Amino acid sequence: MAATFATPSTVIGLAGSSVSHRPLSSSFLKPTLRAKNPLRIAGASGGRCTCFERNWLRRDLNVVGFGLVGWLAPSSIPVINGKSLTGLFFDSIGTELAHFPTPPALTSQFWLWLITWHLGLFICLTFGQIGFKGRTEDYFQK
């Protein structure tokens with residue numbers, strides 16, 4: 001019986017095709033063939049692939065500050081039945097926290113104010129990033 005398991009055998013697969021048994025590989029053994037990275041260029045930037053600049057985000061806290069103020073100012077103007085979008089959003093947060101362990105219902109106005117307020121904020125931050133960095137790096141020519 002032990003001799004049966006030690007001998008190499010073939011396994012019959014689907015449709016009568018046979019798959020030969022291969023020895024198990026171990027993570028302690030190094031592979032004999034190394035996979036080559038097609039994006040790696042020898043000698044370029046220490047062997048690393050540089051598809052993007054290292055600082056591609058170009059984060060600047062001025063954009064966050066001005067973007068937040070630039071969104072809070074117009075969203076605080078009372079134009080929705082005498083109330084502002086920021087006020088409605090913060091009021092809905094208070095209303096939902098009043099029954100805290102229970103989550104907001106899907107029909108709650110909280111979701112409308114949450115999505116609208118944050119969508120406006122992210123649009124303002126995106127355009128602020130484009131405008132601020134475009135101006136400092138001379139993207140906009142006269």
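Okay, let's start with a lysine: Lys 133 counts as buried because its relative accessibility is 15%, and buried here means under 20% relative accessible area, exposed over 50%, and partly exposed in between, with a 1.4 Å probe and protein chains only. Lys 133 sits in helix H4. Leaving out residues up to four places away in sequence, Lys 133 touches Arg 58, Asp 60, Gly 128 and Tyr 139, where contact means heavy atoms within 4.5 Å.

Before I go on, a word on what you're looking at. This is a predicted model, where local features need pLDDT of at least 70 and side-chain atom pairs count only at pLDDT 80 or more, while totals for chains, interfaces and linings use all residues. Residues are numbered from 1 along each chain as its sequence is written, and side-chain values use heavy atoms, with hydrogens and water left out.

Now the overall layout. The protein has 4 helices and 2 strands; those are DSSP runs, H or I over at least four residues for helices and E over at least two for strands, numbered from the N terminus. Going along the sequence, you read α-β-β-α-α-α. Of the 142 residues, 15% are buried. If you take contacts with a separation of 6 or more, 49% of them join residues 24 or more positions apart.

What does UniProt list as "transmembrane region"? The unreviewed entry gives residues 61–80 and 110–132; positions are in the numbering used here, feature names are shortened, and annotations may be inferred rather than shown by experiment. In the model, residues 61–80 are 75% helix and 0% strand, with end C-alpha atoms 31 Å apart. Residues 110–132 are 100% helix and 0% strand, and their end C-alpha atoms lie 32 Å apart.

Next, Leu 68, which is in helix H2. Its relative accessible area is 38%, so Leu 68 is partly exposed. Not counting residues up to four places away in sequence, Leu 68 touches Leu 121 and Leu 125. The C-alpha atoms of Leu 68 and Phe 122 are 9.2 Å apart, though 54 residues separate them along the chain.

Which residues make up the largest nonpolar core? There are 8: Trp 71, Leu 85, Leu 88, Phe 89, Phe 110, Trp 113, Trp 117 and Leu 121. H3 and H4 are the elements that give two or more residues to this core, and H4 has the largest share, with 4 residues. (A nonpolar core is a set of buried Ala, Val, Leu, Ile, Met, Phe, Trp, Tyr and Cys residues joined through side-chain atoms within 4.5 Å.) Among the partners of Leu 85, beyond four places in sequence, are Trp 71, Trp 113 and Trp 117.

Over to the outside. Leu 119, Ile 123, Phe 127, Ile 130, Tyr 139 and Phe 140 make a nonpolar surface patch of about 680 Å². Phe 127 belongs to helix H4, residues 109–136, and counts as exposed because its relative accessibility is 59%.

Last stop: Asn 81, in the loop between helix H2 (61–75) and helix H3 (85–97). Most residues other than glycine have a negative phi. Asn 81 isn't a glycine, yet its phi is positive, about 55°. Is Asn 81 buried or exposed? With a relative accessible area of 79%, Asn 81 is exposed.

How values were computed
Patch = residues over 30% accessible without salt bridge, like charges linked within 9 Å, V, L, I, M, F, W, Y side chains within 5 Å. Areas by Shrake-Rupley, 256 points an atom, 1.4 Å probe, with all protein chains shown as cover. Salt bridge = Lys/Arg side-chain N within 4 Å of Asp/Glu carboxyl O.
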